[in-house]
Amino acid sequence: MKMIDTLIAIAVDLTGAMTEKDRYERLLLAIEKVLPYDASALLRVDGDQLVPVAARGLLPEALGRRYERKNHPRLDIICNSEEPVRFPANNTLPDPFDGLLEPDTNIQIHACLGCPLRVDDTLVGILTADALDPKAFDHIDQNFLKAVGALAGAQMQTARLIEALEIQAERQGEIVSDLMQDINQRQGAQIIGSSSVMRHLQREIDLVARSDFTVLVMGETGVGKELVVRAIHQSSNRNQDPILYLNCAALPETLAESELFGHTKGAFTGATRDRAGKFELADGGTLFLDEIGELPLTVQAKLLRAIQEGEIQRVGADNTIHVNVRLLAATNRDLEHEVDKGRFRADLFHRLNVYPVTVPPLRERISDIPILAGYFCEKLQRKLGLKPVRISPDAFEALSIYNWPGNVRELENVISRGTLKASSRTSLGSQIILEPRDLVGDLGAANIQIRQPSTNKKAKPGEQMSLTDMTKNFQKKIIKQALGENDGNWAAAARNLKMHRSNLHNLATRLGLRSSKNHH
């Protein structure tokens with residue numbers, strides 16, 4: 001009877017009005033009632049990769065990873081199967097989620113099954129379930145698993161993921177090859193993070209994307225301003241038209257006007273043919289001007305006219321050209337200060353600042369470090385052809401107390417260098433684990449000394465804190481931050497931390513953050 005109720009619950013959710021995230025989480029929650037898993041994940045197909053969209057019982061970093069089918073034979077077997085797959089307990093193939101189960105990362109998975117999710121014979125994703133009991137899934141009916149797979153595939157279709165998996169047709173219009181290469185190098189990146197400041201940022205993106213406003217994206221170096229710009233474009237009504245990129249800081253003053261507005265043959269030495277500028281090439285789409293604070297004053301007046309009138313004039317030409325371009329700009333400078341100093345036009349600043357968006361620095365979203373770190377570890381694993389790359393609790397603690405002046409870009413660089421250091425002492429073919437010593441050169445020896453709040457247990461002077469105490473203090477810090485971001489709501493905090501609510505209650509009780517009497 002439980003199996004029938006589960007299928008009915010999934011089917012009912014197909015027509016329910018809910019967010020994509022809630023749809024996936026309800027799916028895993030419904031399956032949990034009849035499938036005794038310790039961890040489960042829903043992954044969508046993206047080319048040769050599998051991208052997790054929801055998980056239960058796994059560490060947050062698991063959601064930040066991308067799973068190459070060729071590097072994960074179990075996942076590849078599930079993808080190639082027409083039927084649900086149950087792996088024998090003695091199967092020697094590595095499990096992709098070994099070391100990623102919460103709360104004990106040392107436990108190895110013993111039972112594993114997976115369902116391919118197909119819509120009209122097209123693989124759109126897979127559903128996996130893992131358990132510590134080798135016989136956990138022995139009694140599950142194969143037909144029930146088939147039905148779950150069919151309904152889960154329909155859920156993905158309802159969530160409009162099929163469209164995301166289709167290969168987009170070549171954009172119409174003739175765009176020069178070097179510009180297309182520039183765009184392609186920047187496609188595929190995504191904004192990662194579930195902290196309150198990142199959820200607020202996503203709401204800002206969703207709101208302004210639907211308009212045709214000029215947007216000024218501000219933030220420190222390395223926070224991901226370009227990702228925000230591209231997210232705005234992808235959610236806009238112009239997303240089928242090109243977004244062209246121009247780095248104003250890389251433009252010599254003599255070429256800036258030509259790059260933006262184009263030129264005619266003979267307009268200046270070296271102009272051997274007519275050439276369209278970025279505004280013409282982006283007609284109907286979006287133009288992204290990065291580091292706009294570096295644009296020469298001599299060009300700013302013409303840019304203002306292009307924004308105000310929608311008209312441009314090629315260098316050396318007498319006629320004007322009308323263009324329909326949405327302008328998105330980014331800068332790490334304080335443009336109001338630049339205006340006061342006479343280095344930026346006030347009228348241009350006000351035209352650009354129609355809808356300002358500020359990207360928060362990494363130090364204001366420390367709870368996002370695990371999922372970001374997981375993403376970068378998986379990226380490195382694929383790039384360098386390594387075995388799984390993991391980060392020890394000690395290293396996570398070191399990452400969480402650092403100030404991150406270089407933000408997300410610095411985090412990626414630190415993890416990249418730390419991985420190379422850790423791999424040098426790891427035997428070929430073994431799992432790589434980053435330890436604090438791998439981060440000392442980047443974060444500084446002083447930062448690696450684990451500094452704890454006054455409410456936590458401290459090591460005596462000259463004494464190294466134990467791994468157990470460091471791990472507990474790190475867990476306390478993350479839980480307190482998640483609660484603070486969600487106004488003390490335990491259920492919302494558990495969702496942020498990608499944990500079962502009961503698991504969070506139990507962990508908080510063990511850490512002394514919650515009385516066992518309050519556990520409900």
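Residues are termed buried at under 20% relative accessible area, exposed at over 50% and partly exposed in between, as computed with a 1.4 Å probe on protein chains only. The structure is a predicted model, in which local features need pLDDT of at least 70 and side-chain atom pairs count only at pLDDT 80 or more, while totals for chains, interfaces and linings use all residues. Residues are numbered from 1 along each chain as its sequence is written, and side-chain values use heavy atoms, with hydrogens and water left out.

Helices (H or I, at least four residues) and strands (E, at least two) are DSSP runs numbered from the N terminus. An open sheet is formed by 5 strands in the order β8-β9-β12-β7-β13, with parallel pairing; two strands are taken to pair if DSSP finds at least two bridges between them. The edge positions are held by β8 (243-247) and β13 (355-358), each with a single partner strand, so one side of each lacks a neighbour in the sheet. Direction ignored, neighbouring strands of this sheet are turned by 20 degrees against each other on average. Helix α7 (residues 196-209) packs on the sheet and touches β7, β12 and β13, contact meaning heavy atoms within 4.5 Å. The direction of α7 makes about 155 degrees with that of β13; axes are lines fitted to C-alpha atoms, for helices over the stretch in contact, and angles run from 0 to 180 degrees between N-to-C directions.

Within the sheet, strand β12 (residues 326-331) is mostly covered, with 6 of its 6 residues buried. Arg326, Leu328 and Ala330 lie on one side of β12 and Leu327, Ala329 and Thr331 on the other, and both faces are covered. On one flank, strand β9 (residues 286-290) runs parallel to β12 and is joined to it by 4 bridges, with Leu289 standing opposite Ala329. Strand β7 (residues 215-218) also pairs with β12 in the parallel sense, over 4 bridges. Here Leu216 stands opposite Ala329, and Met218 has Thr331 as its bridge partner. The pairing of β7 with β13 is parallel as well and comprises 4 bridges; in β13, Pro356 is the bridge partner of Leu216. In a regular strand the side chains alternate between the two faces of the sheet.

A nonpolar core is defined as a set of buried Ala, Val, Leu, Ile, Met, Phe, Trp, Tyr and Cys residues joined through side-chain atoms within 4.5 Å. The largest such core has 63 residues, and those with the most contacts inside it are Leu58, Ile391, Leu399, Trp404 and Ile415. Helix α14 (residues 369-384) contributes the largest share of this core, 8 residues. Apart from it lies another core, of 29 residues, among them Leu246, Cys248, Leu251 and Leu304. Leu399 touches Ile369, Ile391, Trp404, Leu411, Val414, Leu439 and Leu443, residues up to four places away in sequence not being counted.

Helix α16 (residues 407-424) has 18 residues and reaches 26 Å from its first C-alpha to its last, close to the 26 Å expected, the expected span being 1.5 Å times one less than the number of residues. Buried residues in α16 include Leu411, Val414, Ile415 and Ala422.

The structure holds 24 salt bridges, each being a side-chain nitrogen of Lys or Arg within 4 Å of a carboxyl oxygen of Asp or Glu. In the salt bridge between Glu61 and Arg65, the closest N and O atoms are 2.7 Å apart, and both residues are buried. Arg118 and Glu82 meet through their side chains in a salt bridge at 3.8 Å, N to O. Because Arg118 lies in strand β5 (residues 111-119) and Glu82 in the loop between α3 (73-80) and β4 (85-87), the pair ties together parts that are 36 residues apart in sequence. Arg118 is partly exposed, with a relative accessible area of 23%, whereas Glu82 is exposed, at 63% relative accessibility. A further salt bridge links Arg365 to Asp368, with the closest N and O atoms 2.9 Å apart. Arg365 is buried at 2% relative accessibility, and Asp368 is buried at 0%.
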